[in-house]
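These notebook entries record what I looked up, one topic at a time. The sequence and the structure come before the entries.

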Amino acid sequence: MRKILKIEERFYRVLMFLSTTFIGTALFVILFSILRTGLPHLSWEMLSEIPHGGYYFGKSGGIFNAIVGSVYLSLGSSLIAFLVGLPIAMFINIHLIRHTKFVAVIRFLLDLLWGVPSIVYGAFGFTIMVFFGMRTSLMAGIITVSLFILPIIVRAMDEVLRNVPKGLLESAKSLGSTNSEIAYVVYFKQCLPGIITAWLLAFGRAIGDAASILFTTGYTDYVPHALNEPAATLPLAIFFQLSSPIPEVRERAYAASAILIFIVLTVSVVSRILSCKYNKNKINF
Amino acid sequence: MNWLKIFYNRKLRNKIHHSWMWISLGIVFVLPMSLFIGLMWKSAILLNQQSVFDLLFSSEWKPMAGKFGYLTFIVSSVWVTMIALLIAGPVCLLTAIHLTQYAKSWVLKIMAPVIDILAGLPSVIFGVWGILFVIPLLANHIGPFFGKSVSGYSILAGAIVLSIMIIPFILNILIEIFQTVPKELSEASLALGATRWQTIKFVLLKKSSAGIVSAFGLGMSRAFGETIAVLMVVGNVVHLPSGVFQPGYPLPSLIANNYGEMLSIPMYDSALMFSALLLFVIVLIFNAISRLIILRSSH
Amino acid sequence: MHNSVIDIEHLNLFYGKQHILKDINISIPAKRITVILGPSGCGKTTLLRSLNRLTELDASVKMSGKILLNGQDLLSSKEDVTTIRKKMGLLAQRPYPLPMSIYNNVAYGLRISGRRKKKFLNNRVEYYLRQTNLWEEVKDRLREPAATLSIGQQQRLCLARGLAVDPQIILADEPTSALDPHSSRMIEEKFAELKNNYTIVLVTHILRQARNIADHVIFMYMGQVVEQADARDFFENPQEQRTKAYLQGQFY
């Protein structure tokens with residue numbers, strides 16, 4: 001009896017160890033296989049030039065337009081999502097703290113929205129665009145993406161604000177602060193690193209997503225100068241170039257993937273450092 | 001009007017903050033409704049001509065002839081999602097038990113960023129990896145092993161890529177669920193002379209069974225809606241798939257692949273918006289059920 | 001002096017770099033109620049949990065010294081830790097019923113050690129539920145989840161669950177702290193009965209409770225054992241200055 005149990009536990013522990021290793025290995029294989037193929041084709045020209053004539057047949061040029069487009073798009077949409085999202089998160093955790101049922105409904109709704117696939121947001125953005133007679137443009141992309149990352153940023157900030165001890169709210173109130181002062185002075189300062197982490201998370205999502213901007217942002221070989229111009233983005237640059245029959249163009253797609261990985265990793269490392277620092281400096285109650 | 005005055009007037013500032021908050025919150029309430037209405041509005045044209053039943057259970061897809069049957073795409077989506085879950089589910093469950101019950105602190109220190117990074121990688125990156133790694137693996141090794149000559153672009157390729165994508169997602173939920181099981185409960189079982197493993201089987205897994213089911217449900221709906229990565233490796237051929245090595249054509253790929261020409265064929269845009277609506281409704285139902293189970297069980 | 005069941009010699013316990021238990025030397029007499037008394041944070045719960053080696057669950061805990069159960073050292077024992085734990089029933093601060101029916105909560109300990117005969121289980125479940133005065137209250141709802149019981153009933157169920165594996169010793173960690181006065185009284189009375197058959201080690205910081213039921217008292221302060229004595233001696237004639245101060249309510 002004991003023996004069978006021991007063997008069973010041993011068996012499952014081996015399986016558990018293998019699963020954990022599998023996940024670690026998967027990440028390694030993903031990064032390794034892409035970087036190995038992509039890095040050799042990475043050049044300064046790729047980073048700094050826009051596509052020249054014949055670029056899509058393997059001639060010279062780079063994807064500067066896509067890098068800039070992606071940065072514009074993610075900065076713009078994460079800024080909008082932040083401006084709309086932060087008040088919501090504050091609202092839930094300061095003003096509505098007594099209305100637990102209502103807050104539960106809001107959180108539930110946000111979780112549902114989080115689960116909606118980005119392609120659905122893309123399709124929706126497209127219908128809105130058509131409805132208002134807009135053309136594919138940076139602006140349309142920014143709006144679509146900000147809708148898509150709104151639930152993400154709100155829930156992330158919500159988790160941070162939720163952990164602020166209730167005593168802080170009570171003592172701030174007993175000092176006579178208005179709710180807005182509590183929100184933007186007390187809570188904002190207490191949670192700043194966490195809020196920045198939430199923003200970085202949303203930025204990372206925005207720069208990586210392709211399905212939501214497929215219909216809305218368009219694609220161009222030039223760097224956009226205004227919000228009503230179409231813009232190229234990195235994920236779409238990778239996606240389009242990869243479907244090319246010409247090997248040189250595909251190689252550039254791999255190089256572009258390496259760039260995208262680099263950006264996303266940087267965002268992830270920065271937010272990890274921030275949250276470590278945050279835990280160190282946070283006042284513990 | 002002096003703008004500085006607004007800034008220094010506490011009451012007024014509070015008021016502005018208040019209305020801004022209500023507007024923002026309003027967006028959260030309006031957004032799901034308008035998603036539904038917007039997509040409905042576009043698909044209404046198609047729905048007026050054909051019944052939902054015909055659309056869902058016919059596999060005849062001839063946009064030029066105005067025939068739109070979604071069965072092929074739905075079947076593809078279900079195949080890809082199910083196989084992905086079949087791979088990711090056990091891996092996540094075992095890893096979550098390992099990380100919360102057995103793992104030493106150095107394992108946690110490695111795995112936390114690994115899960116984080118995996119969760120943060122863009123889907124197009126997973127697609128590129130699929131083309132670079134999974135497709136050749138299927139075409140050169142796994143396909144021949146089963147005695148088949150295949151291109152690699154297949155349901156299975158989509159499912160493999162997808163499974164890796166949803167692993168960090170499911171894993172994070174499972175870890176959170178296991179961590180909410182009170183330590184004292186496991187201790188009570190151990191104090192009765194149960195082994196570690198018996199305690200996991202009879203107490204931990206039992207206590208969190210509802211949570212595990214809903215974690216898989218959430219993972220499934222995440223997989224169902226994933227677009228770009230799957231699109232890049234799944235083959236995109238319109239026919240009813242009969243095996244995992246055959247190409248498939250899931251719903252999200254249908255939308256993404258045809259947006260360019262959708263305005264040139266009559267009804268086509270309406271048909272694509274209907275598939276977006278379909279996706280939206282299916283995912284929403286799955287998500288709502290799973291979230292409700294989690295909420296119910298945490299009380 | 002009664003003969004002792006447990007003797008602890010030079011037990012030290014570290015949590016990371018923190019020194020939690022400092023050179024503990026105590027003996028626990030058989031078939032009596034031993035109360036470990038002390039202000040919160042003095043290490044009494046840790047001491048209790050180290051008896052059935054639940055402290056091992058945390059990787060950052062290091063222990064040294066000897067815990068002798070009937071003369072056999074538990075810490076260096078080759079014996080399976082589950083066998084050791086089975087000799088001691090644990091009653092926690094709050095009741096933690098397992099996520100299963102009332103019946104299965106009691107049968108759990110028997111099932112995991114391989115007793116599966118229906119008749120035997122029925123018999124034992126009834127016996128131990130009667131032992132804890134729970135049978136009359138729950139006999140018609142044995143298949144309902146244990147979580148549906150009141151908190152006082154849950155704690156008695158946890159006691160029945162612990163007794164069902166037939167332990168030699170009952171370890172109780174402030175078992176009445178979450179209960180109403182009536183349920184607390186019930187548990188205390190039960191302990192007074194149970195000591196005829198079991199050795200009971202009770203952790204508490206409630207002086208009244210200690211006075212009521214203790215036969216033997218161990219007083220701890222800041223990770224050290226300050227004094228151990230028979231209950232009467234301890235309360236009426238404490239030897240140490242710190243014990244006197246504590247009994248007079250100068251610190252908690």
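Before the first entry I note how helices are named: a helix is a DSSP run of H or I with at least four residues, and helices are numbered from the N terminus. I also note that I am working with a predicted model.

**Entry 1. Helix α3 of chain C**

I looked up what follows helix α3 of chain C and found C:G114, whose phi is positive, near 95°. I then asked how many of the 11 residues of this helix are buried. The count is 10 of the 11 residues in the run 102-112, so the helix is largely enclosed by the rest of the structure. The cut-off behind this reasoning is that a residue counts as buried when its relative accessible area is under 20%. I listed the buried residues of α3(C) as C:I102, C:Y103, C:N104, C:N105, C:V106, C:A107, C:Y108, C:G109, C:L110 and C:I112.

Next I asked which helices the buried residues of α3(C) pack against. Within chain C they pack against α4 (118-131), α5 (135-138) and α6 (151-164). From the other chains, I recorded α1 (2-38) of chain A, together with α8 (183-191) and α9 (196-207) of chain B.

**Entry 2. Chain A as a whole**

Read along the sequence, the pattern is α-α-α-α-α-α-α-α-α-α. The C-alpha trace of chain A spans about 70 × 65 × 35 Å along its principal axes. Chain A has 285 residues, and 55% of them count as buried. I also looked at contacts in chain A between residues at least 6 apart in sequence, and 74% of these join residues at least 24 apart.

**Entry 3. A:T144**

I selected one residue of chain A, A:T144, and located it in helix α6 (residues 138-162). Is A:T144 buried or exposed? Its relative accessibility is 4%, and therefore A:T144 counts as buried. Leaving out residues up to four places away in sequence, I found that A:T144 touches A:Y121, A:G122, A:G125, A:S212 and A:T216.

**Entry 4. Where chain B meets chain A**

I turned to the interface of these two chains, in which 80 residues of chain B are in contact with 78 residues of chain A. The size of an interface is often given as the accessible area lost when the parts come together. For chain B and chain A the buried area is about 7,400 Å², and carbon and sulfur atoms give 79% of it.

How many salt bridges are there between chain B and chain A? I noted three. In a salt bridge between A:R272 and B:D116, the side chains meet at 3.2 Å, N to O. On the side of chain B that touches chain A, helix α2 (residues 10-49) of chain B supplies the largest share, 21 residues. By class, that side of chain B has 56 nonpolar, 16 polar and eight charged residues.

**Entry 5. The two domains of chain B**

The domain assignment of chain B gives domain 1 (3-49) and domain 2 (61-297). Their contact takes 11 residues from domain 1 and 12 residues from domain 2. The C-alpha centres of the two domains lie 32 Å apart. Between them the domains bury about 1,000 Å², with 83% of this on carbon and sulfur atoms. In domain 1, the residues that lose the most area to domain 2 are B:L39, B:K42 and B:L46, together 54% of what that side buries.

I found one salt bridge across this domain interface. I also looked up B:K42 and found that B:K42 forms a salt bridge with B:D269, with the closest N and O atoms 3.4 Å apart. By class, the side of domain 1 that touches domain 2 has eight nonpolar, two polar and one charged residues.

**Entry 6. Two buried residues of chain B**

I located B:Q101 in helix α4 (residues 71-102) of chain B. B:Q101 is buried, with a relative accessible area of 15%. Apart from neighbours within four places in sequence, B:Q101 is in contact with B:R196, B:I200 and B:L204.

I placed B:G152 in the loop between α6 (123-145) and α7 (155-180) of chain B. B:G152 is also buried, and its relative accessible area is 3%. Its C-alpha atom is separated by 8.5 Å from that of B:V234, 82 residues apart along the chain.

Methods:
Residues numbered from 1 in each chain as written. Chains lettered and ligands numbered in written order. Heavy atoms only, no water. Buried < 20%, exposed > 50% of the residue type's maximum accessible area, 1.4 Å probe, protein only. Contact = heavy atoms within 4.5 Å. Buried area = accessible area lost by both parts, 1.4 Å probe. Salt bridge = Lys/Arg side-chain N within 4 Å of Asp/Glu carboxyl O. Nonpolar A, V, L, I, M, F, W, Y, C, P; charged D, E, K, R; others polar. Domains from an automatic or database assignment.
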